[in-house]
Amino acid sequence: MPETEPEVSGVDIELTDVVKRYPGQKKPAVEGLSLHIPAGEIVMFVGPSGCGKTTSLKMINRLIEPTSGRIRIGGEDVGKQNDDDLRRRIGYVIQGGSLFPHMTVTQNIALVPGLLGWDKRRTAERVDELLELVGLDPDRYRGRYPRELSGGQQQRVGVARGLAADPPVILMDEPFGAVDPITRQRLQDELLSIQEELRKTIVCVTHDFDEAVKLGDRILILTEGANIAQYDTPEEILANPANRFVADFVGAGAALKQLTLSRVSEIELNQPTVAEIGDPAPEVLRAAKAAGDDCVVVLDRRRRPIDWMWTSDLSDVDNVPAPHEDTDLVTIDRRATLNDALDTMLMSSHGSAVVTGRRDEYLGVVDFQAVLARIQDGNGQPEAEVAQ
Ligand SMILES: Nc1ncnc2c1ncn2[C@@H]1O[C@H](COP(=O)(O)OP(=O)(O)OP(=O)(O)O)[C@@H](O)[C@H]1O
């Protein structure tokens, strides 16, 4: 839940009877798509391979020219704008970040500001601000080359580049498709966190229906020729699939997918005993015993969790020690879904996960019981009915 209602910086997108016919193809890839994308929302495009998701997305920034129809962004006809204008108004993020390998992180992010003629100082300030926003320390990363970054870090720089000129609209094509599942989950959480602040209009193509449910304010499900099977909120699509095609696409696990609709932040967290490195161990043990805890969460000076210790490991030391490299601490963002939380907990020997907030600060602990209780109480929603 946002603390204060942020201003919407995105603008509406309107597609009216948009057609794309590729040369030499019998049928149009997009047969006549009409769609309203409200300002400040995330809309996810999903559908079977070849149904026209990417073609539809790329027509919005005219990387692909429509054969006919009209696309308006913030009320203005895209067809009548020059390319520089479009690049300023539309950020573009694709799989893996697609950074230029011979350019540093700064040079990659500064591409669009460079095109727009920003001076050096303004560009440098913007690069640092964006690196902070996507969770990369500017001093460490601004001078690096893409090969000196992990896949997840490259993708973060790709997101920063898409945001560089502060465009109201961002288009994303399988943005997190190239990273491992845990990194993907983190990047999704970060995108939601950034969006909570910026409220852009984001249009995103994905193959992953769970990702669509997690990120989307609305999901557009397409059939071949980019025909709309259903365009609705994730809640509505899961509870009331419009037809057999959607029901099949959503899959048999619709009830379980409801887990993807609930966030860790909606669950009451446990508050086990916490300690800082160097705290006297006997005192920490006393507090843990009084609370009935068999483990203690260790925090750093900025209240970020760094270790998770069994009380038995504290009984033969004087002070809380610095964490081992192989600490089994597992953290999860408060924006993560209950699905993510279950995945994360399965990897932890504690059967629970430490929950962190916007700036990685400690918030509490979520465990299996809490998630189960949440599933059982069902959030007051009826079980999803899948059309027969
Ligand atoms: N440059 C092109 N020339 C000819 N046909 C094309 C071209 N690009 C795409 N197509 C065809 O248009 C249709 C839609 O392609 P598009 O890439 O938009 O689908 P998609 O839903 O994004 O697919 P995927 O999920 O596999 O990425 C497909 O049948 C594809 O073969």
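This is a predicted model: local features need pLDDT of at least 70, side-chain atom pairs count only at pLDDT 80 or more; totals for chains, interfaces and linings use all residues.
Student: Why is strand β7 called largely enclosed?
Tutor: A residue is buried if 20 or more other C-beta atoms lie within 10 Å of its own, exposed if 12 or fewer, and partly exposed in between, with C-beta atoms placed from the backbone. In β7 (residues 169-173), 5 of the 5 residues are buried, so the strand is largely enclosed by the rest of the structure. Helices (H or I, at least four residues) and strands (E, at least two) are DSSP runs, numbered from the N terminus.

Student: Which residues of β7 lie on each side?
Tutor: Val169, Leu171 and Asp173 are on one side, Ile170 and Met172 on the other, and all are buried. In a regular strand the side chains alternate between the two faces of the sheet.

Student: What makes β7 a partner of β6 and of β8?
Tutor: Two strands pair if DSSP finds at least two bridges between them. Strand β6 (residues 90-94) is joined to β7 by 5 bridges, in parallel, and Ile90 has Val169 as its bridge partner. Strand β8 (residues 201-205) also runs parallel to β7, over 5 bridges, with Leu171 opposite Val203.

Student: Which elements make up the right-handed β-α-β unit?
Tutor: β7, helix α8 (residues 181-198) and β8 make the unit. Right-handed means that, with the strands pointing away from the viewer, the path from the first strand over the helix to the second runs clockwise.

Student: How do you know that the buried residues of α13 line one face?
Tutor: Helix α13 (residues 281-291) has Ala281, Val284 and Ala288 as its buried residues. Seen down the axis, they fall within an arc of 65°, so they line one face of the helix. The arc is that of the directions from the helix axis to the C-beta atoms. The face turned away from that side carries the exposed residues Glu283, Arg286, Lys289 and Ala290.

Student: What makes β15 and β16 a pair, and how many residues lie between them?
Tutor: Strands β15 (residues 352-356) and β16 (residues 362-367) run antiparallel and are joined by 5 bridges. They form a hairpin with 5 residues between them, and Asp360 in the turn has a positive phi of about 65°.

How values were computed. Residues are numbered from 1 along each chain as its sequence is written.
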